[in-house]
Structures are given as C-alpha cells and as structure tokens.
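The following exercises are to be worked with the sequence and the coordinates at hand. Each task is followed by a solution that goes step by step.

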Amino acid sequence: MKQFWTVFKFEFMSFMKNKSFVISTLIIALCASLLLIVPGLISSFLGSDNNKKKDETPTAYYMISNDGLKGSDEALKAVFKASYPDYKMVEKNFDKNAIKKLIQKGDVDFALDITGPTEYTYYVDNVEMYDDNTQVLDEVMKQFAQSSAMVQAGLSQKDIQGILSTKVDHKTVMFGENQVQNYFYTYVMIMGLYMVIIFLGQMVANTVATEKSTRAMELLITSVKPQYMMFGKVLAACLAGFLELFVIFGSSLLSWNITKGGWKDNKIINMIFDMPNYLFVYMLLFFVLGFMLYAFLFAAAASCVSRQEDLSSVSTPVTLIYVFGFLITIVGISSGNVDTTIMKVCSMIPFTSPMAMFARISMSTVPVIEIAASIGILIVSTIIIGIGAAKIYRAGVTLYGNAPSIKKIIGLLKKQA
Amino acid sequence: MILEVRDLRKSFGTKEVLKGITFSAESGEALGLLGRNGAGKTTTIRIILDVFKGNSGEILIDGKPINYDEITYGYLPEERGLYPKKKIIDQLVYFAELKGMSGKNARKAADQWLERLEMSEYRNKKPQELSKGNQQKIQLISAVIHNPDVLILDEPFSGLDPVNALMLQKVVQEEITKGKIVLFSSHQMNYIEEFCNNIIVMRDGEVSVGGRIDDIKDSYPKDRLVIRSMDSDKILEEYGDTASKQADGSIFISIPSEEQRFAMMAEITQKYSIDSISVWRPSLLDIFVEYAGDDEAKGETK
C-alpha cells in the first residue's frame, strides 16, 4: 500500500509541476471568472447609461387600414396602448418602404398594420428569440373581435368584461424532476466530464507512453506492483482533475456571488449554480467512476504503443467510445425524454452509464434499484478494467514495435491471469 | 546467499526463446552473462526480475522459491529508463521510495550518491539536459541507492569515458565486496574479466558453457605455445609448419601432445633468446566466439 501512495504522490506532484496543466487551468478559471464578472461590472459601471436608455421609451407605429374597423378604432387604440405599456404607440399612416427604413434605422421598433378585424401585418427588423409582440396582439385582436361579436349579440359591456376576464388558476405538483433546470446540470456535468476525460485522460496516456518509450517502465514494473502503479496514476489524475474543476468552478462561483445582481435576469446561469445536494453527490460519484474507467482505458491503450507518435492511433478508439455515449446522452436530454430504451440500456453499460444514468437521475425519476444496479456495474467494471489495465501495462514491456492487435492483447491478458 | 536458476524455459508465441537455462550465483561474486544479441540474456533477466513468468523452471534463493517481497534487487537496464523531464533528485527519491525506503532516507541516500559520483550540481536538472555518461551515473545510482541484495547490471559501462568508467567500476566492485549477488551482462570482455569469476555463455536460449572463467580456460587443450622473441625468424624456420606468426608479432607453436609442453619450453628457451614464453590460454573473447557464435564462426576459430 505504501507503494500506492508513493506512486500517487509522485504522479500528483507531476501534475502540479506540469506547467501546461497549471497554466491552462488558471487561464480557463480566469476566462470563466471574467465571463461572469464583466457583464455584472458593465451593468454597474454603465448603470446610469442604461437608465437613460430606459427613459427613452421605444416607439412603435400602428395604423388601421381596414375600413370595417373605423367605427371602433378609438376603443382599439386604447387597448393597444394598454397592451404595450413599454412602448410609445404612435398612430401613423405609413407605407412599407418608409417603415422599413425607420425600423432598420432603429427609430421605430416595430409597426402594426391592422388589415382586418382578425388579421394584421407585423413589421419588425429581426424576430428575436423572446419576441412576444405577435402573441400579445393576437390575444388583443381576439378579445376585441370576441367583444365586438358579443356587443352585436346584445350583451352589455359589463357582462362582456365579466366573461372576458374569466381567470383560470393552476397549480403544478411536481412528482419528478424539473427537466428544464436539470437539463443544464446534466449538460454542464457531461461537458465537464468530457473536458476532463479528454484532457487528463490524454495526460495519463501520455505519461504511460513516455514511461514506455523512455523504458522507465522497465524499472517501474520491477519496483512496484502494476496494480498500485495503475491505480496510483489514475487516482492522482482524478484528484488533479478535481482540483482543476474546483479551481475553475470555485472561481466561477465566487465571481457569480460577487456579481449576482448582474445576473438576476439570467435564469440559466443562476440555475447552474443552484444545484440540489443529492444531485451533486451523484454527479461526484459518476464523475469519479467515469473518469477512472476511461483513464484506465487510456493508460492500457498507451501501454501498447512504443512511441508517443503512435499514441493517437490507440487512444482514438477510446475517445470514440466516449463520444458515442456522449452523443446518445445529448440526444436524449435534448429530446426531453431520457427514459427511452436506448438511454435505459446505456445507463447500465459502464462505458456510457456515467453520462446516461446521471442524465436520467437528474431529468427523470429512476427506480432506486436501477440506480444501484448501474452504480454497482460501474464500480465492478471500473475495478476489473483497472486490474486489466495494470496487466496490460505490465505486459506492455514486451510489446515493442508495431501496435499489437486486440487478439494479441487478449492473449497476453490470459497469460498473465 | 545463492541465487539459482533451474531449467528456465520461455516461449513467445511459437518462438522458444529460452530452452532450459540453468546457473547459479553467489553472494560476493559477480556472474557474467555472455551471449550475442538475441541469445536470451534480457529475457532471462526479466524473468528473474519477475517482469514476466517463465513457462517452466524455477528461481531459487538459498534453495527456496524466490519471494519478491523479501528479496530486494537493483536493476540497471540496457535500455536506459529515466523520465527525461523530471528532476533527477525527484526521480531518484521516487525509485528509492518504491523500493521501500522512507522519503527522508531516500533523499539522504540520493544526495550522498550524487556527491560521491560528482553529480551534485545536476541534482535539480533533468536527465534530458545531461550527457549520456552522466545519465548513466544517475541510472546506476537508481539501481544501488536502496542497497539491494541482488544487483543486475545490463551493459553498465557502455558510453562512458575512461574516467567515468573507472568511477563506476569502483562502485560495482564495492557492491560485490559488500556481499551482493551481482549479475553482469556486457559485450565488453575486459569488464567481465575484471569483475566476474564465473560466467555463463548463452546461445539460442541455451547455456553453451558456464562456470569459473579459470576452469573454462583450463579446459582448453594446452597444445600451443605463445612466444615473443628477437629470434622469431629462426624459430619459424626451425619449427616449420607447426609454427605461425601472429599479427601482434608473437609466434604460435603447436605441440604434438600436452605432456611435451614443459620440455618444449625448456628446449626453446635454451636455444633462443626469449622475451616471453607460455602455454596458450584462450582469452574470454576466444571463449565467447567459440561458445556464443554460430557454427560457422566456431569453425573459423578452430
């Protein structure tokens, strides 16, 4: 066991002394913090500017070009004004070309041409993601048409108002998960895992390939049990990865806290930093296991090549396995249904379960037995793959020259067993 | 302590690399492993070091199967194995700690060894910044730093200048004197002659000859005389076909039978002015060429 700690300490310190690792971590942390701090700072520095802008109420033009509405246009105008309280609603006759110029110049935000009791044209420069002007107007015109019809049917204004202002109350009782919110955790976790696996997994593979190409491996396996070597290496990389994420997310969290005010309106950012505890625990668990599993695979792959240049040819298949699971999970969470058959299968397969099962836990309600089975399978496979990787590492000493075939590796594993 | 290797066999795929290797080595003595490239030396060493197992055969310490948790060994591989980009002191401490030393002792021992081999100034350098000879010194330190019971040195002196070679020779000699079992593999015969009392010569995965160097030399027929003399022309003339001049100026004379060698030496020294005369003994190179070479080479020497 002492050997394990010796390896662990040495490998961990190697990460800490690795300039590219330290510098890239600091740069990412700095960028993340800046991204979170700067918008907040801008809004507090330029706060007065913003207020001034807010004073200038945006202008919108409208015209009623349908004669049938002429009689009731006063009432319609009043409703327009009430419906767009943030806008200065100006009634103006315009033609298409003139309004195009005004809108593109920015003098007018949008324009409405009411062409009939139940139809209108909406002129705007870009339809923005959260543009709800047409929804508002649809509703306004609908109500207007309805009330006109009711007036004609002989109802009094009071009755009409009573009918139209009927309110429906609703309550939401959530038995499962808030998919919208958890979508982002899942996304962040999977991206984080992806980043760490690709970056640190490759670093583990690199150290193994270096040990092999410099033949330090020959000294190492005559000094230490390969299991200690392998687990020491991978756990050290895992801790280094955690430290990296801790620095990045820690500094981001700090920056977010400092400038919380500036993010009031950004629901996504706020959601990410507001994760429920149980989900955080699952995230840690799947993260550690997923990382170890892939780091072992990378290390085993690297043991089979004799030169650093050949590394990509053996590490690419490992990356592909990960990307496969990554894509399935992303498709699953994007479609909103994480309980499809393929996701259920993937959440049991150790290579994909860290992502797929976490996605299901956070976005759906998964039976405890399934979670336990998934974690159990993952733990057992991680240990088995770890021991297998140690054997391949040991056997790697005799594997020089061309990268061996899978058949040869399996043969070697059998021999070692 | 005695290290015994008994009937060791190993195949890689269909190729039989070791076909029953047997030898033994004792504390306080160095055993030279000789053989051409591919004869199976490194495979033998790796099996002894438990890098992989042999297909059959035994490795015994004092008659009992070797216990790798009890026996410590130091290994200097032929292909050097250092991390090129890690500080020398860190690597030495790491390797020593893996061999069971405490961090503190490892650091102390590393500093002592660095000082002894005049390497202290490179303590915080990286191997890639060092010359080949200096890397070799570091490699040797990593093999002996933890004071192992068994020391396996594969080509320890290759690439060294004479001063450095001498320095490392002292270290190796000291380890032998301390009572270590030393296995020594080299193609430089002078080093083998200097350090080893015993050798085994391997050919195609078999021990073609093994034992004390003196005994092996004595086993050769004593039917040739080596003479250095001012009168070499006269000697060549008198002994005709049985005499031949060598490239180094000495003369070989074949004797009809071993028993006559003393009489013949007396005769020649009486007749001619002789600088030196002796019964021919094979050099280690002769033995190597005969036992390690292929059959063709063997034919040529005989």
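**Exercise 1.** Determine how H12(A) and H16(A) are oriented to each other.

Solution. This is a predicted model, in which local features need pLDDT of at least 70 and side-chain atom pairs count only at pLDDT 80 or more, while totals for chains, interfaces and linings use all residues. Residues are numbered from 1 along each chain as its sequence is written, chains are lettered from A and ligands numbered from 1 in the order in which they are written, and side-chain values use heavy atoms, without hydrogens and water.

Helix H12 (residues 277–303) of chain A packs on H16(A) at an angle of about 25 degrees, the axes being 9 Å apart. Since angles under 35 degrees count as roughly parallel, H12(A) and H16(A) are therefore roughly parallel to each other.

The residues in contact (heavy atoms within 4.5 Å) include A:Tyr282, A:Phe286 and A:Ser303 of H12(A), and A:Ile371, A:Gly386 and A:Tyr393 of H16(A). By class, the residues of this contact comprise 17 nonpolar, five polar and no charged.

**Exercise 2.** Which element of chain A has the lowest mean pLDDT, and which the highest?

Solution. On the scale of pLDDT (the predictor's confidence in each residue, from 0 to 100), the mean for chain A is 81, and 85% of its residues reach 70 or more. Among the elements, helix H3 (residues 47–55) of chain A has the lowest mean, 48, whereas helix H16 (residues 368–395) of chain A has the highest, 92. Over residues 48–54 of chain A, pLDDT stays under 50, and the model has zero contacts beyond four places in sequence for them.

Methods: Helix = DSSP H or I, 4+ residues; strand = E, 2+ residues; numbered from the N terminus. Axes fitted to C-alpha atoms, helices over the stretch in contact; angles between N-to-C directions. Parallel < 35°, antiparallel > 145°, perpendicular 65-115°, else oblique. Nonpolar A, V, L, I, M, F, W, Y, C, P; charged D, E, K, R; others polar.
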